[in-house]
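Let's take a friendly walk through this model, from a single residue out to the whole chain. Have the sequence and the 3D view ready.

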Amino acid sequence: MDAIFYSPILIVALLGLLASGVWIAITLAGVAMIAMLLVEAPIDLVMPSSIWSAVSSWSLTALPLFIWMGEILFRTRLADDLFHGLAPWVNRLPGRLLHVNVIGCGIFAAVSGSSAATAATVGQMSLPELKRRGYDEKLSIGSLASSGTLGLLIPPSIILIVYGVSANVSIARLFLAGVVPGLMVVALFMAYIVIWALLNREKMPPAEAGLSFWQMVSRLRLLLPTVLLIIAVIGSIYTGVATATEAATLGVVGSLLIALLSGSLNWQTFRMSLYGATRTSCMIGFIIATAAFLSVAMGYAGIPRALASWIGTFNLSAYQLIFALAILYIILGCFLDGISMVVLTTAVIMPMVQAAHIDLLWFGIFIVLVVEIAQLTPPVGFNLFVVQGLTGHDILYVARSVLPFFLLLCATVAILTVFPEIATWLPRTMFSAR
Amino acid sequence: MLTALNRIYAAGAVLAALCMVAIALLTLAQIMGRLFGVLIVDAGELAGFAMAGSIFFALAHTLRTGGHIRVNLLLARMRPSIRRIFEIWSLGLATTISGMFAVFSVRMVIESYEFHDVSTGMIPVPLWIPQLSMAAGAVLFVVALLHELILTIRGQEAGYVAAENTEPYTE
């Protein structure tokens, strides 16, 4: 009996357990156990040791700290400040305040690693304001839900940490690799809003009186603490002064300071942020742990090797392989969350990717982009749920309104594939790389 | 009895939160130490141990508050009577798998203790001490799963179901 025989059993078990509502971490452990039983490998030794070594790791410590940083800032006046600091500046662009969604999400993404948190934080402030001023609701909702996914791409990013830890790629380099593609997505989204606003002038609300230049500059002060924090966190990684974990610690200290200075830090909010972060990092850590066990079990069963050589027989070019993977992920993404997609990837298809000589750093950014797209596809798309919760519109309405942005993200994947330097250039210039 | 259990889960969450604060403090000490030329020995390794603690101690509490994610696409569309069968199936399977994990973890800790396994850092820490967090957390997780299973079989609402209903999305 060989891997070709086991694989269908394991795939059916995986999908069956997931569909029947078994927790994702438990499902991964269960499938790993079935694989180990099939090849008669020692579960009792491998399970605890693979799980222990996966979570008792120094590189994983960046995860809870960045989650905590986001939880602290989530409880400050940051969303409010972002809106009022950005609004007078984007007022001169066609599309006006709609750009607050994109830029606001881009900035919040640089202090938070989660896309749902990014969309929820920016949206709770911007959606009511946009609606009150009479902006097109569909475009407001679409730009918010899709810009929220920037939380995954712009560092710090929870999903890049998960990928880095499971695929053994430097988290610091992954973070830097996400910067330029993230800015590119911001630019594409803003360009779309500008074009839409020029073509649909009749749907835009009348312009508001602008502030004077000095008033606008003084509004920028609202953004200053956040921008300084972003520079400290990303700058310390780029210059090689700090590792990802150390940068995360700086981020926690800095965001506690911001919360303290803005008067939103008290024992209650501190505790809430700490417990919120503990819960989220426990959930993700448990998935990483059982995925590590699954990864070892797959190795025992010889599946990644068999899969890599099976795919090898098709003689696909790297482009064809990437295209096939992108399609596979977008289908998977309709039913699975991003973290599970990433850990399943590293457990099963990593050898295949390596065999095709695809750069693992680039592949991390590719996966994140595809996961971003997956966050926007019904029936399971976290950002759709978030915006559904914020607006009360049903998920299909939200999904239709993100469609243009969904297509722009697909275009980004294509551009990134043709020009991989967009991701790999910045990490090459970082201090420690010289 | 049940309130006592709830207190133990909460105590686990407190321990986990303290582990997270410990990660931040250890890393901070390392940064400060480097600035002032003091070598903080093994801060990275200790932070790794705290990382494990922060995950394992929180497992039970995270379960009860609906923090562990799952695909509830089909569950949400089921009639309550059918859904109950699936909840019992999920909980039963989770209890079995976690039960095995708990037994194996406890065994691993005992072996680390008997063979005097130590960490590889400058200060050799006996490995059974940090590994205790995995064994204790796994046992507590099984207790919490059994707790939910019994509630569901009795026809009461499990803690995570209540939490999932009030909080429609998590990431």
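Does Thr27(A) count as buried or exposed? Keep in mind as you look that this is a predicted model. Thr27(A) has a relative accessibility of 0%. The cut-off for buried is under 20% relative accessible area, so Thr27(A) counts as buried.

Now see where that residue sits. Thr27(A) is part of helix H2 of chain A, which covers residues 24-38. If you set aside residues up to four places away in sequence, the residues that Thr27(A) touches are Leu14(A), Leu17(A), Leu18(A) and Val22(A).

From here, zoom out to the whole chain. Helix H2 contains Thr27(A), and chain A as a whole has 23 helices and 0 strands. Its radius of gyration is 22 Å, close to the 22 Å that the globule rule gives for 434 residues, so chain A is as compact as a globular protein of that length. Along the principal axes, the C-alpha atoms of chain A fill a box of roughly 75 × 45 × 45 Å.

How does the chain pack against itself? Of contacts between residues at least 6 apart in the sequence of chain A, 79% join residues at least 24 apart. Buried residues make up 62% of the 434 in chain A.

Notes
Residues are numbered from 1 along each chain as its sequence is written. Chains are lettered from A and ligands numbered from 1 in the order in which they are written. This is a predicted model: local features need pLDDT of at least 70, side-chain atom pairs count only at pLDDT 80 or more; totals for chains, interfaces and linings use all residues. Side-chain values use heavy atoms; hydrogens and water are left out. Helices (H or I, at least four residues) and strands (E, at least two) are DSSP runs, numbered from the N terminus. The radius of gyration is taken over C-alpha atoms; the globule rule is 2.2 Å times the number of residues to the power 0.38. Buried means under 20% relative accessible area, exposed over 50%, partly exposed in between (1.4 Å probe, protein chains only). Contact means heavy atoms within 4.5 Å.
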